[in-house]
Amino acid sequence: MKSLAKHRRHPAAVLVVIMLGLLLTGGLYAAANTATEARSVEADALLIEEGKRLFLEGCSSCHGLAGQGSDNGPSLIGVGAAAVDFQVGTGRMPLANFGAQAPSKAVEYTDEQIRAIAAFVASLAPGPSIPSAEDLDFTGVDVARGGELFRANCSQCHQAAGRGGALSNGQYAPNLMKTTPEHIWEAMLTGPQQMPVFADTTLPPQDKKEIISYIESIRASDDPGGWALGRFGPVTEGLFVWIGGMLLAVILAVWIGAKVR
Amino acid sequence: MSTEQISGIEKKGASAATYVDERVHSNSWFSRNLNKVFPDHWSFMLGEIALYSFVVVLLSGVYLTLFYKPSVVEVIYDGPYIPLKGVTISEAYDSALAISFEVRGGLLMRQIHHWSALFFVVAIAVHMFRVFFTGAFRKPRELNWVVGMTLALMALAAGFTGYSLPDDLLSGTGLRIIEGIILAIPVIGTWASFLVFGGEFPGVDIISRLYGIHILLVPGIIVGLITVHLMMVWTQKHTQFPGPGRTDKNVVGYPLMPVYMAKAGGFFFLIFGLITIIAGIVQINPIWIFGPYTPDQVSAGTQPDWYIGWLDGALRLMPNIEWIIFDYTISLNVLIPTVVLPGLIVTAAIIYPWLEAWATGDKREHHVLDRPRNAPTRTALGVMAIVFYVILWVGGGNDIIAVGFDLSINFMIWFLRFALIILPALAFIITKRICLSLQRRDRDKLLHGRETGRILRLPTGEFIEVHAPVNEEERAVLESKPDDKPLPEPPESDSAGVRNPKYKSGRRAAGLSRFLYRDTIEKPTEAEIHHGDEAIEAEDDFEAPLLEREESMHVAHDGSVLAKPAVDAPETTSDNGDGGSEQS
């Protein structure tokens, strides 16, 4: 060690130490990296294989054997994993019957299977991916700004309280009160059915976070005024004042006006 | 009560009353008016509901004015409602949020105000149904009908101006539609819109203008008109339903003091309590969810309050028709449903009393009400109007209904367009038929008495049902049916061959009169009723000996044999195979 220490002031010593450090970290990284890469490629391949099997079984009759689409269903090339996770994860797909719009219903596949199908569809062509845990981390997000964005971009179809609204010919913007943050994110990215696509270029991820956290906040909020009548506004209120209010008032009038015999 | 029994308090009260009377001579006024007689019926209290809910509106409204700021100056929200923190909003919306979340009792007061306002209009509507269907608008009360109609319109004006004040997304969208309606008025539309809004929509003036109208002008007019309305009821006296001893020349009922003082006072607190309970447990207009108004935003499911809903429905059902005349657009698609239609309907409602008087040629005073069945065409017209209104109202909520019941909104619009024409006509026909059937039953009752449900078999083998004469009270009601006859066709010229100058208008009146009074079931004459009464007595003669026979079998309606023949049981029937042989 003494001989080594003797050279510590040598001009080349710095270079040597840096070189050694780089070699060590680089080498370690490379070794570790190849190991995970190999494993994930293997796992992906298996997942895609499983997804392909499920796809051929449950989806290909409408979307085509290679996801190229048919008269009954659109092409899935380039829709990405996000679209699959949304459509299958909310039960919209597989479709029970053709109608104005695919309603959300009981989910047919397990989470594992959905991930497999998503991996297969994502392998056809690059597309939006399923949001990461980081994307869905809402700590410190400005809820009020989310509210402004929601009213500017979403409320004209989904209603100010997110309770949904009618579109033309039996189509509708669904109620958001039971939709998970993940699915809302994916819907914004992929624009399912009548919904426009809100790509990250037009609505940055931060805005998406804010919108979702606003939806979460109105979902969680109590109604300080009491029974909210579905938060539908004046239609249900008008119905209530006739049925609940006037009917009771007339009963009271009959009671007061009754002759005492 | 002798003077010795008067207590100390009563003595003091009496001396106070004497003191006042010696100065303002009020005792005779009080004794005359406190003893004023009012007829009794629960439906006469519907107008009271409107009055009391208006009192509640006023009281809660005064509280709100203490905290509301009618200003569109922009402020940054810094209140306790987190999802709006830091958002730029108007001072009006800010103060409405403060009333909801910071002012003590503010949210309850806002909800009481809004619910009682809705209640006010509902009560007015129901009160008007009663007045219309019973013909209470006839001479001498035509003017009070007009006062009432004006009150109803003022209630709508109060409601709409109040709806717009919180400056939330919902109310701002409502204003935007109003702007569209004003713009649709030909020629003056654009100027009128700039006049109302003080420039381009939304401008900075509208909230403070609406505030003045909402808290001063409209309530002032309403209070004034209510005073006139009630004074006219006071001087003209209240109408009464037909009954024994009730004529167009008297009022049968109880004195104001103490019966109606107690009833009306108690009823006020019941209505106040009912509205407060509803306001305490049912949320209305959550402005914090709708967010502040900016003209570039809109919410799905935006609706007006129920009483404007029918106009929104008319707007939604109207086909898209526009005329372009010399590069100038006439928006009939907006003009017809929101200006022409309500104008026609309100005009028709206001002039209806005179229309009917013209068609009947009836100049008599009416203080006894019509039973709705006895004016079948009027009743049918009223039901037709209600059905028309309800269809438009449903049209106004078509998006909520489409989502709620999984319907296509396009289908709903087409369905309602046809329904708007077909269903009122059907309602007219069906109501008229029901009225005539009820008249027929009334005639039967007068002629043959009430059906008792007892079946008798006569010795000859014939079955008859035993009838009982209707009681005095019912008979008076049944006999109240007016003998309305269509006006005769006027002569074209008199005996000297001179042309009748009123021939054309007379023909029109006769036509309308035929429409109103052609279909009726003739009331039986006195002789017929007398004959019917004799028949009823004759049935009693048949019945007596049969019931006295103990050996005859008694069978109940369901066929089970009663153990012991009950001579005075009303359901008793006397009828089986053995009976015939015994009687032979």
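Let's start where two helices meet: G244(A), G245(A), L248(A), A249(A), L252(A) and I256(A) in helix 10 of chain A touch K263(B), G266(B), F267(B), L270(B), I271(B), L274(B) and I278(B) in helix 10 of chain B. Sorted by class, this contact holds nine nonpolar, three polar and one charged residues. Keep in mind as you look around that this is a predicted model.

How do these two helices lie against each other? Two packed helices are described by the angle between their axes and the distance between the axes. The crossing of helix 10 of chain A past helix 10 of chain B is right-handed.

Now step back to the whole meeting of the two chains. In total, 53 residues of chain A are in contact with 57 residues of chain B. On the side of chain A that touches chain B, the elements giving two or more residues are helix 6 (143-153), helix 7 (155-158), strand 1 (165-166), strand 2 (172-173), helix 9 (205-220) and helix 10 of chain A. Helix 10 of chain A gives the most to this side, with 17 residues. The residues of chain A's side divide into 29 nonpolar, 18 polar and six charged.

Next, turn to helix 7 of chain B, residues 169-184. Its 16 residues reach 23 Å from the first C-alpha to the last, close to the 22 Å expected at 1.5 Å a residue.

I429(B) is in helix 16 (residues 409-448), and it counts as exposed because it has 12 C-beta neighbours inside 10 Å. From I429(B) to P376(B) is 53 residues in sequence and 9.9 Å in space, C-alpha to C-alpha. E537(B) sits in helix 19 (residues 526-548); with 11 C-beta neighbours inside 10 Å, E537(B) is exposed. E537(B) and H467(B) are 70 residues apart in sequence, yet 8.8 Å apart in space, C-alpha to C-alpha.

Note on methods:
Residues numbered from 1 in each chain as written. Chains lettered and ligands numbered in written order. Predicted model: local features only at pLDDT ≥ 70, side-chain atom pairs only at ≥ 80, totals over all residues. Left-handed = near helix turned anticlockwise from the far one by under 90°. Helix = DSSP H or I, 4+ residues; strand = E, 2+ residues; numbered from the N terminus. Contact = placed C-beta atoms within 7 Å. Nonpolar A, V, L, I, M, F, W, Y, C, P; charged D, E, K, R; others polar. Buried ≥ 20, exposed ≤ 12 C-beta atoms within 10 Å, placed from the backbone. Expected span 1.5 Å × (residues − 1).
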